[in-house]
Amino acid sequence: MTAARQLFRTVWLPAVLVAVLVLSAAVAVDAAFRAPLTTWLMPAAGPAVVGLGAAAVVRSLGPRMLRPLLAGLLAAGWFWCRQWWPETLMVGLVPQPETLTAITTSTADLRETIWTATIPVETSAPLLAGVGAVLALTALVTDAIAVGLRCPAIAGLPPLALIAGSAALTAGSTPWPALALAAAAGVAVGALIVAQLTLPFLSAGLAPEGQRFILGQGTGPVNPAADLSQELRSGQGYAGITYETDDGLGVYLRTAVVDDVMASPWDANPPQYAGDPSNTPFYPAAAHLAEIEGGEVVDAGNADNAGDAAGTDGTAGTGEGSAPPSRDLVSLTLDGWAGNWAPLPDQTVEIEPIVGEWGWQVDPTTFSAYRQEASPVEISYQTAVLPLDLTFEELADRAGAIAPQGVYNRWGADPALEGSAVQALAEDLTAGTDNPVEQAVALQDHLLSDDFTYSETAPVEQGYDGSGLELTEQFLEAGAGYCIHFASAMVMMAQSVDIPARVVVGYAPVGAVDGRHRVTADRAHAWPELYIDQVGWVPFEPTQSVGRVPSYAQSEDTAEPTAAPDPSVEGQEASPSPSASEEPESPGDDAGPGATAGPGTPGAPGLPVGVLLTLAGTILAVMLLLALPRGLRHRRRQTRLSSGSTPLAWAEVEDTTVDLGLGRKPHESEPVFASRLTAVASVSDAPAVAVAAGTAGMAGRSPDLEAVGVAGLAGMAGGSRDLVAAGHTLVEAITWLRYAPDGTPPPEGTEDVAVAARVIIVGLEDAADPAVRRRARWFPRSLVPESLRR
């Protein structure tokens, strides 16, 4: 074999096979993108190909492991920067601080896409750059394992992890070419078959098309924008919540309040202060009005007697001696709810103490209940609701001009709104009035006008799905979106005209079936709350086709409600507020054929893309950690036996015995030790099993004991005689080296010491129990310092 052919076989062919293997595995990602395969794979694969080429060039010069890997990483990194941010490179070649800034910005954009985009997604430069980085790392790690460590049997694990992670995120089919190549590279075919049969997401996907993985009700902080977009598109899966109301009408259920509507993604962090539900009261707008106007607010110990204590006229107090405002009872049941935030009817004034007994504490500033632990619960509880039953004129008359400084500091305008298109539109819509209620209704009416339509697909298709100022401006220009966009637009516009505002997330009302309201995932909703001085936090409903506009938010110019009444409730009329008796968009059916979850399953299940990517990375890291000991041990053996050195050959025999549990005893001399080894190995046909690789190793080629064939050693054929001869050769060589006086000629056969060591090693491994042999290969004790082995 010529030197060129040898170089091609040992360096370039493995690099090509690794590239084909990784790129075939990357086909699993195709279902996540709207673009054709070649459109995104070719640019994303560039860094991987360049990195593998650089590693192969360095490896052809002699180094096998570390230096080729470093060269590949540097080359792939340079090409990656050159491909995506060429304008930041000095003379188009050298990265600068501006390059790092561009990478940071692109990473932030990629994070936003991961948190808010839905599968399949539109390709973008940050997304392709991220995929390119993953492919390059996967390719170089695979190359280092297969060629650097000479462990082709496990080199298919990184691509297999890429396949599994990609398939878990998409509904794409399993890329069988990649699995076949991985098997050909040495991955056990049985393991692949078991994976395909036991991990259905490799062929079916964990989420159908049009969905993304969400945090569900898991631990905070959460991303309500991503959660809402997922749940709205997930069909009518049961959300784990049912409730009953006194009047049979549906209510808004709030879970959390978005901390900063300008943030991207949204956060709903744990409250800074939370109290016991049994003694921490809520003061929604109606309760606040009753208190400041001198009316009684019933001080019930809990929600059980709130209904008896409430008045019956349905109005808030207007002066001394007036009847207390009417309260409605809402009875809720959570079936396996695993959330940090308890669902509470909007405008709740009191909660049963049992909520506190289950670990929730209430936050009076956001009218929410939070707990640290998010384990599933089965709980029933009651709350008392105090609706805001006022007309537009009555609410406007009560409104003050200036909100409290503490409220404004937390929920007022962000400096980024200054000079924005959102502020310009808000000022234009509210020109000519200083009354905050009139301004709020003007903003709401604009969003309810014919200039806007409800759509869950338009934001995805046009690239403004999610939260943040830029995406909200795109929504206002496009005029199509869903609750996230309507709510955030109204909050930002309100803040820009000095009205404190915030977004509440939860569930819109749902109709009743046999008197019970069963909440489904598609009722996930967001709505704005505006702080009206002298009144408090007042909810509005700017989202088209969801619920009804409350009576106090309907001026003469307000658009007609677009949602139909719930036909399951007789005599239903327009509800006074979106907090008490709102009607859902659709009839009050059960979960229907789209329901995939049942009791004990809280809402649309799943994990965020970020968590799944972390999970895939963790799986890959674990695989690499498991493979590392075997790779290092294999590499050490090949280095020792290919060197022809007597001390290294003897050290390898000793390490092999340590791995197999046959280590040299402190009192054993070299001859006694070798005799014991040959006796153990003689129970196998080791010499007949061959050491053709040994002969190759003596000729200068790298031996591979795991690839031993059935050839024998010339001059050393047959049974235990071969082992005895090999043991004798090894003992003679090590004894001469250690004890012979200087100048003493070496004994005959010293040049064959590596071959002799190889014969003994093969015999010992062949004679060992299979379980012992597997343990020795995957968890070699010889890698552990001798002082730690006992």
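Let's start with P343, which sits in the loop joining β3, residues 328-337, to β4, residues 344-345. Keep in mind that this is a predicted model. So, is P343 buried or exposed? With a relative accessible area of 0%, P343 is buried, because anything under 20% counts as buried.

What is P343 in contact with, once we set aside its neighbours within four places in sequence? The list is I241, L253, R254, T255, L332, L334, W337 and Y381. Take L332 from that list: eleven residues separate L332 from P343 in sequence, and their C-alpha atoms are 8.5 Å apart.

I241 takes us on to the strands. Strand β1, residues 238-245, pairs with strand β13, residues 516-520, in the antiparallel sense, over four bridges. Within β13, V519 is the residue standing opposite I241.

β13 also pairs with β12, residues 512-513, again antiparallel, this time over two bridges. Here H517 in β13 has A512 opposite.

Now over to a pair of helices, α16, residues 421-429, and α20, residues 483-496. Their axes come within 8 Å and cross at roughly 75°, which means α16 is roughly perpendicular to α20. And which residues meet there? From α16 we have V422, Q423, L425, A426 and L429, and from α20 we have M492, M493 and S496.

Terms used
Residues numbered from 1 in each chain as written. Predicted model: local features only at pLDDT ≥ 70, side-chain atom pairs only at ≥ 80, totals over all residues. Heavy atoms only, no water. Buried < 20%, exposed > 50% of the residue type's maximum accessible area, 1.4 Å probe, protein only. Contact = heavy atoms within 4.5 Å. Axes fitted to C-alpha atoms, helices over the stretch in contact; angles between N-to-C directions. Parallel < 35°, antiparallel > 145°, perpendicular 65-115°, else oblique. Pairing = 2+ DSSP bridges.
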